[in-house]
Amino acid sequence: MSTDVDVTYVESPAPGHGRLRPRACFGSDVPAVDLDGDWRFRLAAGLGDLTAGFQEPGFQDIGWDEMPVPAFWQLNDYGKAAYLNIDYPFPVDPPRVPDANPTGEYRRGFELPADFPLERAVLRFEGVDSCFAVWVNGVLLGDGKGSRLPTEFDASRAVRHGRNVVAVRVHQWSAGSYLEDQDMWWMSGIFRSVRLLARGLEDYFVHADYDHVTGTGTLSVETTAPNARLSVPELGLADVDPAGPYTAAVQPWSDEAPKLYEGELVVDGERVPLRIGFRRVLVEDGQITVNGRPILLRGVNRHEWHPRTGRTLDRETMLADVLLMKRHNVNAVRTSHYPPHPDFLALCDEHGLWVIDECDYETHGFESLGWAGNPSAEPVWREALLDRAARMVERDKNHPSIIMWSLGNEAGDGENLAAMAAWIRGRDGSRLIHYEGAWRSCAYVDVYSRMYAGHEEVDEIGRRVEAATENPADDAHRRAIPFIQCEYGHAMGNGPGGLRDYQDLFEKYPRLAGGFIWEWIDHGIEQTDEDGVTFYAYGGDFGEELHDSNFVADGLIFPDRTPSPGLLDFKKVVEPVHVTVAADARTLEIRNLHHSRDTGYLRWEWNLEAGGVEIAAGALEIEPVAPGESRTVAWPKEAVDPAADAAGDGELWLTVRGVLAADELWAEAGHEIAWGQGRIEADAGADAAAAAARQAATSAAARTPEVADGVIRLGDATFDAQTGVLRSIGGIDVEGPRLDIWRAPIDNEVWGEHGPRHEPLNSRWHGAGLHRMHHKTLGVSVAENGLEVRTRLAAAAVGFGLDVLYRWATDEAGVLWLDVVVDPYGAWTVPLPRLGVALTLPGEYDHVEWFGLGPGEAYRDAANGTRVGRYRASVAELQTPYVRPQENGNRHDVRWARITDAAGDRGLSVLGAPVVDVSVKPWSTRELEAAKHRNELRPDGRIHVHLDHAHQGVGSAACGPLLPEKDTLHAAHAEFRIGFAEIDGES
Ligand code: IPT
């Protein structure tokens, strides 16, 4: 017990005590001592359990455990991470927090060399979650809050040469927690670096403007030191007064050409390196312009995440994010929902990404209270909020990549937000102000920002015909400013779908400046099961009292940073250069959507494939296309006039790819940026002849079924005479195919539209029994030209279902053709998850080769990242390991597939007529649906093959609009055909 300790700061709305005023984060050669590494640690259960005198240098911490800094204690054997999206994990009774307030007591010794200037000692914390107090050698320096913001204390009166002891008390919960209700794991500790440094130059502010009309840059560096000198060799500035202003012809900074001028400030012998980017950000004619040209944000929302270290990231991980973004045509990041580690911003400056830097502020849990008591509107919180805004702006103001300051996320509305905006405007007029929660009036923001608006609404906004706001003055302002979707395309699990439709709108209407996918990465926590198999934990896995399950896993990349199919889809959708391969005109159109880069950095390659086999390839010389321009060129002559015999080998496809001609900082030469594909139709006569031949082959059934011993034989296939279900094809034992309409529901179907307005599809489907349909055989009839099986498919307790007719016939080539005719009966009230047939094969047929879209999974509304070709993969490789198992791995528009053994010479051949969706799994839909984590899925010894006529789209309804009608699969009359043949290498 330690009643002598003053802990009133914990529940005080005040942002801290004893702190130095905020300033820029910058490197310098002042003496500094890195305090990262192992600290002594004890976790107290609450304020009643603190260790008296732990801050004293002589305190005996022998026997205390060790805790790494930077790190979260919940990821280092103390306490448990907890995931909640919107709700607070404690009673909403601000500023009070629970008695059970785990408090980390940290201690470490460090040496200060004899030449360290003690009078200038500053102790700097880059991030401590959520509240802390600091002592050096037993002297209290102060306390702080604002987890993702830096805090500095003057340590001069406490430090000495030789050995020192720093002690930090970190509280899991504090008044500050009310301001940090972001949708993420609650975790605590000193999670960013700690340093003791000698204060030198206090602060500087680079003003580097660019006039695109004259090509002139204007530089002025404000500093807190009157005697500071500036050098920027490339601009011919040597040892000059930083204030300037200096003008020079410069190359501007942009996401595409992130030109940085290296410079240096020198003050009293201290050297501070500068990286200067010249640019001008404005709203002009209702558009966001940079350097005089409109920008289109092809963005992602990025939380800081690593599956082992949480929001503690090393530079390598930050660089991995930047490189992955750049390589997938992402050009913008919103740092949802807090300022990231400062190194990330430096990487954005260097590699070129537009950044919305967001303040560490969210109070979403007040929404369920009707926003009563919301800190955004309560005077008692104003100081804390202004403090947060200032600490973000001061820390990050010298990064050219930042084009907007965001006040925070989901914090309702109120005077304090307007005050933050006003303060920021006064301090830095060179950037725009963003806050989505102000969308109803947009009174104090520069962009009209929304989240998850559906396509129709975005279209209305693009046309400036959206519904008016209450106040006419606000309405006039809002109608005049650009629009962004700060969140859209919720990337939870399988999906998002419908991105192309959004991008078409963004590219169509000048007012629409693009958007940011929610979100970049799944925040799964890496775990290993008893068998040593890795999986990712999500909400509820740590026994939380309240949690939001796997809503924390909704990124474009998996926790280990493997791109999900969603990222590949997005990469194609947001290509900065559109390549249209027009088959009718035999032309190629190159449309450059870049902000300022011409296409001269791309090398153009083409290839021609027949049935997925390359028959010609080459390079194309295309004159650079200026930004905003298009150019149409002729096809390569080999494609205009393909070899006469080529057409016989299947569909002819011309693929044209724009790849990096030379290495860039973020990718090597050859990296693909844009591509287009066009089918070369064989001449009409040949097509007609081929169609006629196919017709003749399938209608002229070569064989008549024979019935004997409870078995029907048709060619080399056998069927169960009772049920009419196929049992074998040649030597392959099969079960099915039978009609199948069920798929393991995806997250967008489990969660439905955010909020209570719609019952999620999954519960409607379960209510209708779609996951437990029964087959009823109505009749099996053998005719001269084949077999006909009539069945009904329906669930217990309901009066609706599907009439299914299977017609089997063989052709002269020995192909077994199945025609399926489906007719719904009764009153259907739900769409179908899928419509196709399912069968199983022996486990040895665990490889698939196909001709169709690939190489990755694709669904009707999320197929942009795939192209027509011939592909091969093992069944294991065909699975997409979503954090929560669900429908995945579909290959779309498949013309033919061969499901074979590893050698590829025995198995089943499947023919689309003309196409079929194919997914092949080592487990059943039932197992896939039941599994909560990927490690729970184990192959069951059979190969489960799904051949679908159609799938319901994937959409993004987990947090977004319902699936559009055009992507919905209704129960309706349908007919489709699939061919089967045995592949037997020996025959
Ligand atoms: C929106 C949040 O801003 C974001 O942090 C995240 O929670 C996302 O939803 C869902 O994953 S808020 C939502 C109520 C629209």
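Predicted model: local features only at pLDDT ≥ 70, side-chain atom pairs only at ≥ 80, totals over all residues.
Visitor: How are two packed helices described?

Guide: By the angle between their axes and the distance between the axes. In this model, helix H7 (residues 499-508) packs with helix H8 (residues 565-573) at about 25°, and the axes are 10 Å apart. H7 is therefore roughly parallel to H8, since angles under 35 degrees count that way.

Visitor: Is the crossing of H7 and H8 left-handed or right-handed?

Guide: The crossing of H7 and H8 is right-handed. H7 contributes Leu499, Arg500, Gln503 and Glu507 to the contact, and H8 contributes Asp569, Phe570, Lys572 and Val573. Sorted by class, the contact has four charged, three nonpolar and one polar residues.

Visitor: How many aromatic pairs are there?

Guide: The count comes to 36 aromatic pairs. In one of them, Phe41 and Trp73 have a centre to centre distance of 5.8 Å and 45° between the planes, a tilted pair. Phe41 is in strand E3 (residues 37-44), while Trp73 is in the loop between strand E4 (65-69) and strand E5 (82-84), 32 residues apart. Both residues, Phe41 and Trp73, are buried.

Visitor: Why is the pair of Phe54 and Trp64 stacked?

Guide: The planes of Phe54 and Trp64 lie at 15°, with ring centres 6.4 Å apart, so the pair is stacked; the cut-off is under 30 degrees. Phe54 and Trp64 each lie in the loop between E3 and E4, so the pair ties together parts 10 residues apart in sequence.

Visitor: Is Trp64 buried or exposed?

Guide: Trp64 is buried, with a relative accessible area of 13%. Phe54 also counts as buried, at 0% relative accessibility.

Visitor: Which residues do ring pairs link into a cluster?

Guide: Tyr88, Phe90, Trp173, Tyr178, Trp186 and Phe366 are linked into a cluster by ring pairs.

Technical notes
Residues numbered from 1 in each chain as written. Heavy atoms only, no water. Axes fitted to C-alpha atoms, helices over the stretch in contact; angles between N-to-C directions. Helix = DSSP H or I, 4+ residues; strand = E, 2+ residues; numbered from the N terminus. Parallel < 35°, antiparallel > 145°, perpendicular 65-115°, else oblique. Left-handed = near helix turned anticlockwise from the far one by under 90°. Contact = heavy atoms within 4.5 Å. Nonpolar A, V, L, I, M, F, W, Y, C, P; charged D, E, K, R; others polar. Phe/Tyr/Trp six-rings, centres within 6.5 Å; stacked < 30°, edge-to-face > 60°. Buried < 20%, exposed > 50% of the residue type's maximum accessible area, 1.4 Å probe, protein only.
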